[in-house]
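Subject: Structure handover

Hello,

Here is the structure for you to look at. Notes on what was found in it follow below.

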Amino acid sequence: MEIVHTIAEVRQHVAQARQAGKTIGFVPTMGALHVGHGALVEAASKGSDYVVVSIFVNPLQFGPSEDLERYPRNLEADAQFCAERGAHLIFAPSNKEMYPREMATSVTVDALTNTLCGVSRPGHFRGVATVVTKLFNIVQPDFAYFGQKDAQQLAVIRRMVADLNIPVQVESVPTVREADGLALSSRNAYLSPAERRAAVVLYQALQAAMARLAAGERNADALRDFLREAISREPLARIDYAEVVDAESLQPVSSVERDVLLAVAVFFGKTRLIDNMLFTM
Ligand code: AMP
């Protein structure tokens, strides 16, 4: 496995792999890799011949008061982690390599971004769509792998790829969780021991709401209240949102008639965690 830092080097390696008749799989990440990312790399290794992982903490997708500066970075450990899971190339560009001058162009996905994280993180999905478009153009993969953990991001990328006819097949990977149910996230590292213990409330509340759905509850307002109450019982939790939305449009629903996504974003201290579960009818 090789680590490269420039776009030219990526193009060279990918061109070689293509010449050898290999399919290209791509996993975009911001590093601080954990077993959740590992599942994406493993899926890529199974699904394609040559696997590229990008590690780039993209400033465009962070708001002014967010954690860009303190976001965990550890390229050596990340590279080793990817090598063990079958990656062939790591692309770890500098900000300057990705953004040599101020961007005059951005990619905005109008649908799907006026709810959930789009409300509390204005500009976030524009930053994500723009960097993913750049990365797709740099790597030109056949397959790209994204986690269900970031369900809205996945939906936004799928829509962007369809709308703009980007020649890549988007694959999703189920959320990987800790033994107690907490979804793995690079941001879990920020949690104090007490916050870490408290954070399991997200999984528990989502599970309990899923059980209600399975038992036949179809009143989405009641489910929403139930989710919010369940999370609020944890004193260290401060809800950003707890929603029941249509799985496709991501718009809030008042009754459950089609597949729905239960989606939550909750602060523990300064750390904002998200999680979701999909209920299929
Ligand atoms: P990030 O480095 O946080 O930008 O995440 C990179 C990719 O890993 C995204 O597609 C995420 O959805 C995915 N991912 C992050 N955490 C998990 C997890 N616990 N399970 C599955 N995929 C994940």
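The protein chain is divided into domain 1 (2-173) and domain 2 (186-276), with bounds that come from an automatic or database domain assignment. This is a predicted model, in which local features need pLDDT of at least 70 and side-chain atom pairs count only at pLDDT 80 or more, while totals for chains, interfaces and linings use all residues. Residues are numbered from 1 along each chain as its sequence is written, and side-chain values use heavy atoms, with hydrogens and water left out.

Taken over C-alpha atoms, the centres of domain 1 and domain 2 are 26 Å apart. The contact (heavy atoms within 4.5 Å) involves 22 residues from domain 1 and 19 residues from domain 2. Between them the two domains bury about 1,700 Å², 53% of it on carbon and sulfur atoms; buried area is the accessible area (1.4 Å probe) that two parts lose on being put together, summed over both. On the side of domain 1, the most area is lost to domain 2 by Arg70, Leu116 and Lys149, which together account for 34% of what that side buries.

Domain 1 and domain 2 have one salt bridge between them, meaning a side-chain nitrogen of Lys or Arg within 4 Å of a carboxyl oxygen of Asp or Glu. There are also 11 residue pairs in polar contact across the interface, both residues at pLDDT 80 or more. A polar contact is a pair of N or O atoms within 3.5 Å; within protein, one must be able to donate a hydrogen and the other to accept it, and residues adjacent in sequence count only if both atoms are side-chain atoms.

The ligand is surrounded by 17 residues (a heavy atom within 4 Å). The closest are His37, Gly147, Asp150, Val176 and Leu184. A polar side-chain atom of His37 is 2.9 Å from an oxygen atom of the ligand. For Gly147, a backbone N or O atom lies 2.9 Å from a ligand oxygen atom. In the side chain of Asp150, an N or O atom is 2.6 Å from an oxygen atom of the ligand.

The structure as a whole holds 13 salt bridges. One of them joins Glu42 and Arg85, with the closest N and O atoms 3.5 Å apart. Glu42 is in helix α2 (residues 35-47) and Arg85 in the loop between α3 (75-84) and β4 (89-91), so this pair ties together parts 43 residues apart in sequence. Helices (H or I, at least four residues) and strands (E, at least two) are DSSP runs, numbered from the N terminus.

Regards
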